[in-house]
Amino acid sequence: MPTASQISMVPVIVDEEKCIAEKGCRTCIDVCPLDVLWINEESGKAFMKYDECWYCMPCEADCPTDAVTVNIPYLLR
Amino acid sequence: MTISDDIPVQDIDILIIGGGTAGPMAAVAAKEQNPDASVMLLEKANVKRSGAISMGMDGLNNAVVPGHSTPEDYVKEITIANDGIVLQKGVKVYADRSFEMIQKLDSWGVYFQKDETGEYDMKKVHHLGTYVLPMPEGHNIKKILYRRLRRHRVKVENRYQAIRILKDNEGNACGCIALGTRDADVIVLRAKAVIMCTGAAGRIGLPASGYLYGTYENPSNCGDGHSMAFHVGAELTGLECYQINPLLKDYNGPACAYVTGPLGGYTANAHGDRFIECDYWSGQMMMEFYNELQGGKGPVFLKLDHLAEETIQEIEHVLHTNERPSRGRFHDGRGVNYRQKMVEMHISEIGFCAGHSASGVWINEKGETTIPGLYGAGDMASIPHSYMLGAFVYGQICGENAAQFIEGKEPAELDMAFITSERDRILAPLMRKDGIPPSQFEYKARRLVNDYLQPPKVTKKMDIGLQRLKAMEEDIPHLYARDAHELLRANEAQHIFDCAKMAAVASQYRQESRWGLYHNYVDYPETNNDDWFCHVQLYKTDEGDMACKKRPIDPYVVQLDDAEKNAYQQLRVQAAG
Ligand SMILES: Cc1cc2nc3c(=O)[nH]c(=O)nc-3n(C[C@H](O)[C@H](O)[C@H](O)COP(=O)(O)OP(=O)(O)OC[C@H]3O[C@@H](n4cnc5c(N)ncnc54)[C@H](O)[C@@H]3O)c2cc1C
Ligand code: SF4
Ligand code: SF4
């Protein structure tokens, strides 16, 4: 059963200038109830890896540097 | 300790699955009862921000506060709202302990709204009594619970999904098998008692937007507990009494009753007219909502544009900062302002939830399921309309009773053959090179639920739905996951699939209509108290199939008179016709 990948516009944006993940911060990743934020191997910063978001906002509320913005998923806008 | 093939085993006295609302309270109560017991709280996400109240809560929907109502009034209200099908003893125990729980939370620092005299500022939303207590500063509740967990030295294990409950050779629950959501490691937790607090089954139906995670319930609550209960042989009840909620169109925020209602907002039709007397969420209210939505005067709207500026600001403060803080962004994106026009509403996808409805794993007034040593609390258990305070009270009841249950018990012998075969089954999607992605499997199951199992319920449609779902059983051995996260989703999808089948089986069994829209069965449009004034229990047969049976209603502890019984049947505003 072959598979294909499809791209998806994700609702959560991390401002890489502000994100301090390289200093060990994992707050947004830790608090996300759906476990959809991970570290981007290339940039070392947090990013939304899976488009499975409840737009509940702990990631944004708890980020120490205000790097996270939660938008409404495109399908709902 | 590890068992064959290096599956690690941890021993604890009391295992609590789900660290949202009921779970932390159960853990604290167990520790308060027996400080020496080892208590573990297992959570699929992170207890700091998990579950329905991850960002906080707007208020208590069902507070029984002396001077405003009595436990007897409350039992009557819920009996009537639930068309008589209730374990009254269970509701009564909640009502008796409700005020003490509010005081406990208050002493922990949870802020409830008070009036000028320092009394709780109660609001009337229900049809008969006064039970709503606002919490405009309700966003710190998870922090407060977390502090308590630390103080009582509860072991917390985050990012593990419980997948199957374990049973010993005497039939007692003795732990669970769980999957690490980051590393796909399988572990065994052996316990002397298990409390399930896994929340609602909120991912059975598909929201109108088609976005899988745009559900009313926190999507981590996908029915794992319901499926685990079924597989271990516990009875579930009232599954045909779906949860369906009135929400904003395309946004999963509750719209009206509890926050805007007491401030003068209401549900209106396209003409701006009120068509229901009482916005308290019940099946009858949802039926009127559905009729208006489908009729010529639809769709339905939340009407606030008649309110004063300061009232609207108050509403915005609560609705846009507490429970669902992304709501303001949703409105901004569409240029919607409460001051200028009514906001379109719609009905949610279906789910199982005792917090809002009455569907879940059967428990009695002690929080016991039908399996010894296995308890349930909160949205996944069966005490109807219990909401957040009910989750706290039953969490506490379960914690106390489990702490007593374990006294003098020895660790059980584990069933190795079962554990290793489950381990292989759980990990199988990761071993494949290709196959069906969990998201496609899940989408299809949930789309079938919307097409065939949503009310109005029709026998022929439910037959087709069940047949099509059963055909999907052949897809399970082809589920494919590329990483630990997709494996989590693959295992969730199988539980969602179980819940979808349970929804169909329970709905077909109850051959009458009851609870307004929740069980609006077109083939049997009338309520039939002669044959169906009973609970419907769903259970696993010896062959492993789903079957149902009737369970008589226990004698009422609070009697109702005939006039009261029909109170919720007359919700339509007369003028609206
Ligand atoms: C949007 C919204 C608004 C609400 N507003 C109000 C309100 O204003 N007032 C009110 O009184 N009530 C309200 N409620 C209802 C109330 O929040 C719930 O009834 C209550 O919080 C349920 O508590 P719970 O412990 O059963 O579930 P939750 O608090 O949701 O906790 C369930 C936990 O189980 C975890 N879990 C699930 N499966 C597994 C597994 N397999 N392994 C490990 N962990 C697992 C989940 O991650 C979650 O943390 C609202 C609910 C929602 C969704
Ligand atoms: S919480 Fe903020 S700073 Fe920390 S990893 Fe996430 S985005 Fe970066
Ligand atoms: S909004 Fe919620 S679900 Fe979405 S990434 Fe943030 S914490 Fe996770």
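1. Have a look at Lys44(B) first: this lysine makes a salt bridge with Asp224(B), with the closest N and O atoms 2.8 Å apart. What parts of the chain does the pair link? They are distant ones. Lys44(B) sits in the loop between β4 (39-43) and β5 (59-60) of chain B, while Asp224(B) belongs to helix α5 (residues 224-232) of chain B, 180 residues apart. Bear in mind that this is a predicted model.

2. Between chain A and chain B the count is 5. One to click on is Asp35(A) with Arg182(B), where the closest N and O atoms are 2.7 Å apart. As a reminder, side chains of opposite charge can pair when their charged atoms come close.

3. Now the interface as a whole. On the chain A side 33 residues are in contact, and they meet 39 residues of chain B. The buried area between the two chains is about 3,100 Å², and carbon and sulfur atoms give 54% of that. Polar contacts are there too: 26 residue pairs across the interface of chain A and chain B, both partners at pLDDT 80 or more.

4. Which helices of chain A supply at least two residues each to the side that touches chain B? Both α1 (27-31) and α2 (58-62) of chain A do. The largest share, 4 residues, comes from α2(A). Sorted by class, the side of chain A that touches chain B has 23 nonpolar, 8 charged and 2 polar residues.

5. As for chain A itself, it has 2 helices and 4 strands, in the order β-α-β-β-α-β from the N terminus on. The C-alpha trace of chain A spans about 40 × 30 × 20 Å along its principal axes.

6. From α1(B) the contact takes in Ala22(B), Met25(B), Ala26(B), Ala29(B), Ala30(B) and Gln33(B). Among the α9(B) residues they meet are Ala391(B), Phe392(B), Gly395(B), Gly399(B) and Ala403(B). Overall the residues of this contact divide into 8 nonpolar, 5 polar and 1 charged.

Notes: Residues numbered from 1 in each chain as written. Chains lettered and ligands numbered in written order. Predicted model: local features only at pLDDT ≥ 70, side-chain atom pairs only at ≥ 80, totals over all residues. Heavy atoms only, no water. Contact = heavy atoms within 4.5 Å. Buried area = accessible area lost by both parts, 1.4 Å probe. Salt bridge = Lys/Arg side-chain N within 4 Å of Asp/Glu carboxyl O. Polar contact = N/O pair within 3.5 Å; in protein donor to acceptor, adjacent residues only side chain to side chain. Nonpolar A, V, L, I, M, F, W, Y, C, P; charged D, E, K, R; others polar.
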